[in-house]
Amino acid sequence: MMGDGTATLDQIGNETTIAVPLQGRPYGIIIGDNLIASAGKRLAATLPGARFAVVSDKNVAGLHLAPLKAGLEDQGLFLGSAVVAPGEVSKSFPVLEKLCETLLELGVERGDCVIAFGGGVVGDLAGFAASILRRGVRVVQMPTTLLAQVDSSIGGKTGIDTTQGKNLIGTFHQPSLVLADVAVLSTLSEREFRAGYAEVMKYGLLGDAPFFAWLEQNWADVFSGKDSKRRHAVETSARAKAEIVVADEREESGLRALLNLGHTFGHALEAFAGYSDRLLHGEAIAIGMRLAFTYSVGQGLCPPEDAARVAKHFTDVGLPTEIATIPGDAPTTGELLRLMAQDKKVKGGKLALVLARGIGQAFVENEVAMEPLTEFLKRECARR
Ligand SMILES: NC(=O)c1ccc[n+]([C@@H]2O[C@H](COP(=O)([O-])OP(=O)(O)OC[C@H]3O[C@@H](n4cnc5c(N)ncnc54)[C@H](O)[C@@H]3O)[C@@H](O)[C@H]2O)c1
């Protein structure tokens, strides 16, 4: 199954395994319903000899930690848990320091394993801690948000934020296993689910037009969880992410950069909104992807009908598409350009943007001309 250079998918009974055949450190992504209670048994078999410390946040621990803990205890492999405060605030040096100390106090040794049990915040923080603890211990990602199941738990990017920006300190540390229980998404708030759905759409928009068309038809069942459609959306997205990671693990060939569709605009909007409840990551990315498509139309790259379909689908599912919908003060063009210039996608002063020739046809433009971009943002900031 593994080793042919692409992500492959096996469906057995109630679960699906996507192989991520990275050289030297292949791993599997297992997606299914109700995988938490049996995780202890599975982990004992997958990582023989390891004991497990669980990192989670307060919300996830309160709702879902008990069956995971019980299953690990049954195997005699539970070292303990470290529970951090929910939200982006936990991706910080003080929380990382405290977490590393707690993991050492729990007795995590070199052959043991950290389980990141939560959304993208816990995944990034616990993955980073695991990568530096005792010069690197293994991590298993157990993502509990839609965003984490389709994106952040796969691919090994870990990190924390600093006052200079998001995710500027971190490592690549691939997980030993990703275990995504789709059933836990039922406790996620609708707003968080919808924000994660923006990343699901992203896979259709960047390289899979039939998947986008499927989402246009089936999104209501994906939201309600009817007829395994939610699982199909998670599997298709996770497989797309895995394929990109296998082809370009460290963002060197440019392929992985396609995952940033909408992100340069989106990160600037998120930074403007102060990384707060004012605008969730997925909401910012939704506006950013709509902007990327509209800008592509203006550059004569993309048919206007495609950009209209993108905007309509965002609106149908209740995601924002306009800068003006962000609550509070509106950003100015100058502010947005300054924040976009701070993005990691700036190289040698040149701004790179992911643009599209149509739905499913994204590409990286490495030298975006500033004048048309400035004029475009002026128009977008003025739209009401
Ligand atoms: N490493 C990567 O490749 C990568 C990719 C994309 C995003 N990220 C990072 O991911 C983070 C965002 O992740 P997120 O959107 O999952 O946010 P999050 O981890 O903050 O989770 C969102 C909220 O949902 C709660 N929650 C989580 N699972 C729940 C469940 N099953 N039921 C009820 N509540 C639940 C959390 O407690 C939190 O309040 C950002 O820090 C971003 O930088 C990383």
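Which residues do ring pairs link into a cluster? Ring pairs join Phe 193, Tyr 197, Trp 219 and Phe 223. The views below come from a predicted model, in which local features need pLDDT of at least 70, side-chain atom pairs count only at pLDDT 80 or more, and totals for chains, interfaces and linings use all residues. Residues are numbered from 1 along each chain as its sequence is written, and side-chain values use heavy atoms, with hydrogens and water left out.

View 1. Helices (H or I, at least four residues) and strands (E, at least two) are DSSP runs, numbered from the N terminus.

View 2. A polar contact is a pair of N or O atoms within 3.5 Å. The side chain of Lys 91 places an N or O atom 2.8 Å from a ligand oxygen atom. Thr 144 has a side-chain N or O atom 2.8 Å from a ligand nitrogen atom. For Thr 187, a polar side-chain atom lies 2.7 Å from a nitrogen atom of the ligand. The protein covers 88% of the 870 Å² of accessible area that the ligand has on its own (Shrake-Rupley method, 1.4 Å probe).

View 3. The whole structure holds 6 aromatic pairs. Rings of Phe, Tyr and Trp (its six-membered ring) pair if their centres lie within 6.5 Å; planes under 30 degrees apart count as stacked, over 60 as edge-to-face and the rest as tilted. Trp 219 and Phe 223 form an edge-to-face pair, 5.6 Å centre to centre, with 90° between the planes. About one helical turn separates them, because they are 4 residues apart in helix 7 (residues 209-224). Trp 219 is partly exposed at 23% relative accessibility, whereas Phe 223 is buried at 15%. Buried means under 20% relative accessible area, exposed over 50%, and partly exposed in between (1.4 Å probe, protein chains only).

**View 4. An aromatic pair between helices 9 and 13.** Phe 265 and Phe 376 form a tilted pair, 6.2 Å centre to centre, with 55° between the planes. The pair links distant parts of the chain: Phe 265 is in helix 9 (residues 263-272) and Phe 376 in helix 13 (residues 370-382), 111 residues apart. Phe 265 is buried, with 3% relative accessible area. Phe 376 is buried too, at 4%.

**View 5. Charges over rings.** A charge sits over a ring if NZ of Lys or CZ of Arg is within 6 Å of the ring centre and within 35 degrees of the ring normal. The charged end of Lys 202 sits over the Tyr 203 ring, 5.4 Å from its centre. Arg 357 lies over the face of Phe 363, at 3.8 Å from the ring centre.

**View 6. Positive phi in two loops.** Asn 34 is not a glycine, yet has a positive phi of about 60°. Asn 34 lies in the loop between strand 3 (27-32) and helix 1 (39-46). Asn 34 is exposed, with 59% relative accessible area. Glu 251, also not a glycine, has a positive phi of about 55°.

Definitions and conventions. A polar contact is a pair of N or O atoms within 3.5 Å; within protein, one must be able to donate a hydrogen and the other to accept it, and residues adjacent in sequence count only if both atoms are side-chain atoms.
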